[in-house]
Structure formats: C-alpha cells, structure tokens
Amino acid sequence: MSTWYEKGVFYHMYPLGMTGAPKQNQEPEVVYRFKELEQWIPHIHSLGCNAIYIGPLFESSSHGYDTRDYKLVDRRLGDNQSFTTFVSRCHEIGINIVVDGVFNHTGRDFFAFQDIQKNREHSPYKNWYRGVNFNYGSPLGDSFGYDAWQGHYELPCLNLENPEVKQYLFDVIQYWIDTFDIDGIRLDCANVLDFNFMGELREQTDRMKKDFWL
C-alpha cells in the first residue's frame with residue numbers, strides 16, 4: 001500500500017512573510033495571524049494539493065530559523081492552539097501538514113546557548129554546540145567561540161553527536177506529533193546534518209507515527 005506522500009502534491013507556506021509579520025520578534029504579546037493563513041486552505045485544496053509544507057513557525061528572534069523555543073508557535077503568528085486548529089482544518093479535507101525541522105542550529109536566544117553565555121565552562125550545556133572553545137571570543141562579542149552555520153554567528157550549530165541533544169530533539173518531535181498531529185518534517189540544512197543523526201531520526205519517527213514523512 002502506498003503512502004500519502006508518494007502521491008503528494010505540496011503547497012509551501014512561509015507564514016511570517018504571508019501574514020506580513022514583523023521581521024524582528026519584539027511582540028510583547030501573542031498576535032493572532034493564523035486566521036489569515038486559514039483563508040488559504042480552500043484555495044490550496046482547489047489546486048489539488050494534499051499537503052502543506054509550512055514553516056518555519058516556531059518561536060524565533062527574526063526570520064524563523066533562529067529558534068528560541070521549539071515547543072512554542074511564534075508569537076507573531078499565534079499560539080499553540082492556533083496552529084492545532086489550522087492542522088485540524090487541513091486534516092478535515094485531506095491535507096497533510098509538514099513543518100520545518102530546524103535542527104542544525106538554534107538562535108542565540110535559545111536557553112542552552114544563553115546558559116553557556118552565563119556560565120561558560122560550568123554550563124551543563126557546554127557540549128550542546130559544536131566547536132565551543134573558551135580560549136577565544138566570537139565575532140558577536142561572546143566570551144567563547146563556536147561553530148556557526150556558514151559563518152552566520154547568530155546561528156550556532158548544535159552538536160548532533162551529543163546524545164542529550166539528540167534526545168532533546170526527538171522529544172520535541174514527539175511533542176509536535178502529540179500536540180499538533182503533524183504528518184512530517186522538512187529537514188532544514190539537510191546537506192550538512194550529521195548522517196547518523198538523520199538515520200536515528202528515521203527510526204524514531206517511524207515509531208512515533210505511521211507514514212511519517214521526512
């Protein structure tokens with residue numbers, strides 16, 4: 001029996017741009033913009049699409065790929081219930097939902113990175129990032145160096161060989177499935193992700209939900 005994605009026709013939504021959300025996340029309160037995105041669902045269905053790839057949409061500092069919190073929908077778009085409702089309305093008419101999995105790096109506002117900034121060598125998260133070195137500083141004024149995606153130091157690279165980091169991300173995905181009922185993940189920066197991590201990710205998601213798409 002074939003899976004839904006073998007005959008998948010995807011529509012891509014970049015929600016921050018589609019809703020005209022501010023480019024910098026300085027919203028003190030949640031702003032509900034998912035209603036605007038819901039208006040697109042009938043159009044997408046009329047095109048014959050059976051899947052929406054939407055993202056990035058988790059709490060970030062700017063463009064969406066500098067994640068602050070993997071378990072919160074970006075406050076510029078709405079809250080977790082807003083996205084749950086969006087997914088439910090898509091599922092009602094046979095549209096599957098795939099989100100962005102930004103696992104190569106986080107933003108500098110992510111809790112683990114901020115803990116290293118504060119506690120340096122004493123941080124329990126000092127091995128959560130690649131190339132952390134306390135013998136020199138970063139170009140952004142940190143008291144330590146680290147690997148960054150393509151030299152963009154606002155995007156510090158996670159250490160995907162660290163079992164704690166991997167388990168954290170697997171737990172995040174389980175949370176997404178349990179909370180939002182997503183159907184798949186598009187892997188951001190897949191060309192540079194640790195291949196063993198991707199293999200384990202496939203094993204994990206196979207157990208989490210039937211016909212889960214990566």
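Contact here means heavy atoms within 4.5 Å. The model is predicted: local features need pLDDT of at least 70, side-chain atom pairs count only at pLDDT 80 or more, and totals for chains, interfaces and linings use all residues. Residues are numbered from 1 along each chain as its sequence is written, and side-chain values use heavy atoms, with hydrogens and water left out.

**View 1. Surroundings of Trp-176.** Not counting residues up to four places away in sequence, Trp-176 touches Phe-58, Tyr-70, Val-99, Asp-100, Gly-101, Phe-103, Asp-181, Ile-182 and Ile-185.

**View 2. The largest nonpolar core.** A nonpolar core is a set of buried Ala, Val, Leu, Ile, Met, Phe, Trp, Tyr and Cys residues joined through side-chain atoms within 4.5 Å; buried means under 20% relative accessible area, exposed over 50%, partly exposed in between (1.4 Å probe, protein chains only). Among the 54 residues of the largest core, Ile-54, Phe-83, Phe-86 and Trp-176 touch the most other members. Helix 6 (residues 163-180) gives the most to this core, nine residues; helices (H or I, at least four residues) are DSSP runs, numbered from the N terminus. Another core, of six residues, lies apart from it and includes Trp-4, Ala-51, Tyr-65 and Val-98.

View 3. Asn-80, Ser-82, Phe-83, Phe-86, Val-87 and Cys-90 are buried in helix 4. Seen down the helix axis, the buried residues fall within an arc of 160°, so they line one face; the arc is that of the directions from the axis to the C-beta atoms. Exposed Gln-81 and Glu-92 are on the face turned away from the buried side.

Conventions:
Helix = DSSP H or I, 4+ residues; strand = E, 2+ residues; numbered from the N terminus.
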